[in-house]
Amino acid sequence: MMQQHLAYVLRLADNALILGQRNSEWCGHGPVLEEDIALTNLSLDLIGQARLLYTRAAALENALTGLNLSENDYAYWRSERQFTNYTLTELPHYGPLAGTAHADKDYAVTIVRNFLYAALMALVWSRLEQSSDAELAAIAAKSIKENSYHLHHAQEWLVRLGDGTELSHRRAQAALDYLLPYTNEFFSPDALEDGIALQGLGPRGADLKQDWLDLVTPTIDEATLALPQTGIYTTTGKLGIHSEHMGYLLAELQSVARQHPGASW
Amino acid sequence: MPKPIVSPFAWPASSPEVSLKAPPAVVTADASEPNSNATRLARAWEVLEAVPDPEIPVVSIRELGILREVRLAAPRSADESVNAADPVALEVVITPTYSGCPAMSQIAEDVERALSAAGLGPARIVTTLTPAWTTDWITPEARAKLRRYGIAPPGARAADTQPVQFIRARPALTPPNCPHCGSADTERLAQFGSTACKALYRCRACREPFDYFKPY
């Protein structure tokens, strides 16, 4: 029971940290100054949420094990397989490429991902406000407000790109075609989510799918984009099995802490 | 001096539905009993009234609703009490604005330093997350100060902080009045501004850009 509770809080935290880290790559590199600041603020919110969630996880794990863990132990000292974020959150800011090839960051990918994720979290945080874990409910009550600004931001840009020029429309549609199949993972049933739902801790992703479609479809219509088929393949990031991009992201995130263990500043 | 115990998950002992606490008006420092705990509490409120927000220094942390409560609590060690006859610890409850607000540790340090400088320390600083901070707690005086400082104070929280309830239409945000010339003819330049809690606007009448404290 407690193990499931801990694992669930870590899933929430890992999503926030990894997407916050990914989006922070735009800091100093935004397409325009306002967007540079927006993405940096958004990352700050996500990393702030991750800190609160990791601190909650540490309290749960310390109670189970008698250890004295802190938020930093989760962020800096776990390996790839121990992170349970959705694969969607770790993808680079460009479309599919072969192997480890790189491309310039594509703002359409950034916006579509933030849109799909913020729409999900609007529903998740809303359910978590009623969590049987009062501390998780408190984190949800803050995060839902921040998330609504993230969702607005992504919605506005999605409409601007999709209903913009021929080029921006094509790139927004390509980003949606590329990313939407990764959302299968939001809704794939698994034992952990069944368990936390039974305990009244949080929602099962599978139960949110219709609400999520109702939330994203009007904006996609307004953006004159088409909702593609997602197919049946389901990514497995939330089970700890990640894409080839995750290791590089973690290397950047963790290298300083691992080169200078115990450093403080 | 022992480090303050900062726990994000300590709950207020009273009901979580506490509204904005104001300094108790009737309890004032009693010069005849400079070392009493009641005096210490009243003095602490006075001292903390002068602790500014690190990012918007024209308003205090109480006026912004960050300082939730100052209270007396059972000491966890003898160090926490200054009165051997009636040992209590001073406990200061603060709450973060945004989850990632980088000013929180600075605020905790500022509180500790202000109390120590006034001879009231050491204090135990407790961070609480519930009830979640809202811009509705910003006092009317602070709103006037923000305006004079060039920041448009937050409007009422609209449906835009309840994302599940709007589906198709994003809410029409009521633009704030320009803090410089008072004109209502303003436009949003960016939803995210110089700090997590602000958006960037421009006045179409006087052409000045300004920060808007976002409803939260």
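In what sense do β4(B) and strand β7 (residues 209-213) of chain B pair? They pair in the parallel sense, over 2 bridges.

## The model

This is a predicted model: local features need pLDDT of at least 70, side-chain atom pairs count only at pLDDT 80 or more, and totals for chains, interfaces and linings use all residues. Residues are numbered from 1 along each chain as its sequence is written, while chains are lettered from A and ligands numbered from 1 in the order in which they are written.

## The sheet in chain B

Chain B has an open sheet of 4 strands. Their order is β4-β7-β6-β5, and the pairing is mixed. (Strands are DSSP runs of E, at least two residues; helices are runs of H or I, at least four. Two strands pair if DSSP finds at least two bridges between them.) The edge strands are β4 (151-152) and β5 (186-190), each pairing on one side only. B:Ile151 has B:Asp211 of β7(B) as its bridge partner.

## Two helices in chain A

Helix α2 (residues 33-65) and helix α6 (residues 134-162) of chain A have axes that come within 11 Å. The axes are lines fitted to C-alpha atoms over the stretch in contact, with angles from 0 to 180 degrees between N-to-C directions. They cross at roughly 165°. α2(A) and α6(A) are therefore roughly antiparallel (over 145 degrees).

## Where the chains meet

The contact takes 34 residues from chain A and 23 residues from chain B. (Residues are in contact if their C-beta atoms, placed from the backbone, lie within 7 Å.) On the side of chain A that touches chain B, α6(A) gives the most, with 15 residues.

Notes
Angles under 35 degrees count as roughly parallel, over 145 as roughly antiparallel, 65 to 115 as roughly perpendicular and the rest as oblique. Two residues are in contact if their C-beta atoms, placed from the backbone, lie within 7 Å.
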